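Me: I have this structure open and want to talk it through. Start wherever you like.

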Amino acid sequence: MHLPQPRGPSSTAVVEHLRQPSPGSDAQLRTVGLERSPGITNDEDRLLALWVLQGLNYHGYSGVDPEIEWDLAVVQARTQLEAELEEELLAAFTPVVEELLPEARRDLTGTLFSLPDRVAASAPSMSAWARSSMTAEQWREMLVLRSASQLKEADPHTFAVPRIPGRAKVALMEIQFDEYGSGDPSALHSELFAQAMTAVGLDHSYGGYADTWPAPVLLSNVTLGWFAGRSRWAPAVVGHLTMVEMTSSLPSKFYVAGARRLGLPEEAWRYFDEHVEADAAHEQVAVRDVCGALVADDPDTLPTLLVGAVAGLHVEGLVAELVMGAWEQGRSALRIPLHPWVAA
């Protein structure tokens with residue numbers, strides 16, 4: 001994929017550093033790596049800088065030397081930005097987690113199943129909007145916004161596999177096997193999402209719409225990237241995955257209803273149809289077998305697991321608030337609106 005357009009001094013420094021013919025100099029990255037500033041969770045320039053740096057561990061960029069992934073300045077800059085992200089998110093979520101801990105120690109399953117209604121109850125529902133009111137252009141915007149996660153679906157969560165013990169590892173792989181198509185490359189969930197984008201005239205290459213993503217989308221993406229990149233946050237990856245699975249089945253059913261209301265081709269909604277039943281089963285496995293086994297084998301993982309769950313719900317709620325706020329005012333939710341779709 002191509003590097004996105006910078007949005008300020010931090011992302012400019014990162015992009016210019018990656019474009020160097022030979023990595024090694026950290027001069028251009030000092031503004032990112034050494035100068036802290038508050039408010040990274042609302043700063044799209046620094047969020048984009050971090051998203052670009054994390055992307056080196058996934059897909060890399062056209063024209064960028066793959067060896068720069070472990071360039072000292074790159075590692076230092078990512079470490080600095082993730083430290084800022086950790087500081088802000090933990091300040092926000094630690095009180096919530098501490099309040100949940102006594103209950104979760106008594107009844108982990110019940111606590112996890114109750115979290116979406118307790119943590120994200122006030123977040124607007126994009127899927128309900130899809131079922132009742134979403135336009136075809138908003139459907140395309142929804143796919144573009146979700147493409148930051150869904151075109152690499154399962155990959156960040158897979159980073160937890162080598163970092164958790166036996167019973168939880170086996171249960172997590174049961175979920176991931178389905179996410180990766182159960183042995184059929186054409187059934188990869190990321191591939192189904194790519195087909196959905198193509199069906200409505202969108203580019204399905206990863207990061208093709210990075211310049212359009214607003215700050216909350218970047219925040220959601222880099223938060224999971226921060227968890228996934230560090231061994232000690234593996235329980236948070238599990239908690240995040242569990243909330244994804246728990247909040248997917250019914251909304252996917254609403255998206256299917258919305259696509260049919262709009263008369264979209266099956267390729268545009270097959271991804272969501274796949275998740276209606278799959279995630280209804282996955283949420284049970286995630287809560288009872290992955291989280292249950294992980295905490296039973298190591299009770300000290302519980303606080304970190306809850307941080308991942310709460311953070312996932314919170315940042316996705318921010319995305320929904322921004323998007324629904326724009327759509328209800330008749331505006332695009334993207335930084336750069338899409339060209340109108342001309343159906344074949």
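## Two loops, then the rest

Me: Where does Ser 182 lie?
Reply: Ser 182 lies in the loop between helix H9 (166-179) and H10. Helices (H or I, at least four residues) and strands (E, at least two) are DSSP runs, numbered from the N terminus.

Me: What sort of model is this, and how are residues numbered?
Reply: This is a predicted model, where local features need pLDDT of at least 70 and side-chain atom pairs count only at pLDDT 80 or more, while totals for chains, interfaces and linings use all residues. Residues are numbered from 1 along each chain as its sequence is written, and side-chain values use heavy atoms, leaving out hydrogens and water.

Me: Back to Ser 182. What is its phi?
Reply: Phi of Ser 182 is near 55 degrees, a positive value in a residue other than glycine. Most residues other than glycine have a negative phi.

Me: And what about the phi of Ala 154?
Reply: For Ala 154, phi is near 85 degrees, again a positive value in a residue other than glycine. Ala 154 sits in the loop between H7 and helix H8 (155-158).

Me: Is Ala 154 buried or exposed?
Reply: Ala 154 is buried, with a relative accessible area of 5%. Ser 182 is partly exposed, at 39%. Buried means under 20% relative accessible area, exposed over 50%, and partly exposed in between (1.4 Å probe, protein chains only).

Me: Zoom out. How many helices and strands does the chain have?
Reply: The chain has 15 helices and zero strands. Its radius of gyration is 20 Å, close to the 20 Å that the globule rule gives for 344 residues, so the chain is as compact as a globular protein of that length. That radius is taken over C-alpha atoms, and the rule is 2.2 Å times the number of residues to the power 0.38.

Me: How much of the chain is buried?
Reply: Buried residues make up 52% of the 344.

Me: Why is H7 called largely enclosed?
Reply: Eleven of the 15 residues of helix H7 (residues 136-150) are buried, so the rest of the structure largely encloses it. Among those buried are Trp 139, Arg 140 and Leu 143. The cover includes helix H6 (126-132), helix H11 (215-228) and helix H14 (266-297).

Me: New topic. How many salt bridges are there?
Reply: A search of the whole structure finds eleven. A salt bridge is a side-chain nitrogen of Lys or Arg within 4 Å of a carboxyl oxygen of Asp or Glu.

Me: What does Arg 7 pair with?
Reply: Arg 7 meets Glu 44 in a salt bridge (3.8 Å, N to O). Arg 7 lies in the segment before helix H1 (9-18) and Glu 44 in helix H3 (residues 44-55), so the pair ties together parts that are 37 residues apart in sequence. Arg 7, Glu 44 and Arg 335 are linked in a network of salt bridges.

Me: And which residue does Arg 46 bridge to?
Reply: Arg 46 bridges to Glu 84, with the closest N and O atoms 2.7 Å apart. Arg 46 is in helix H3 and Glu 84 in helix H4 (residues 72-106), 38 residues apart. Arg 46 is buried at 4% relative accessible area, and Glu 84 is buried at 2%.

Me: How far apart in helix H4 are Glu 82 and Arg 78?
Reply: Glu 82 and Arg 78 are four residues apart, about one turn of the helix. Their side chains meet in a salt bridge (2.8 Å, N to O), and both residues are buried. An α-helix has 3.6 residues a turn, so residues three or four places apart point the same way.

Definitions and conventions: Contact = heavy atoms within 4.5 Å.
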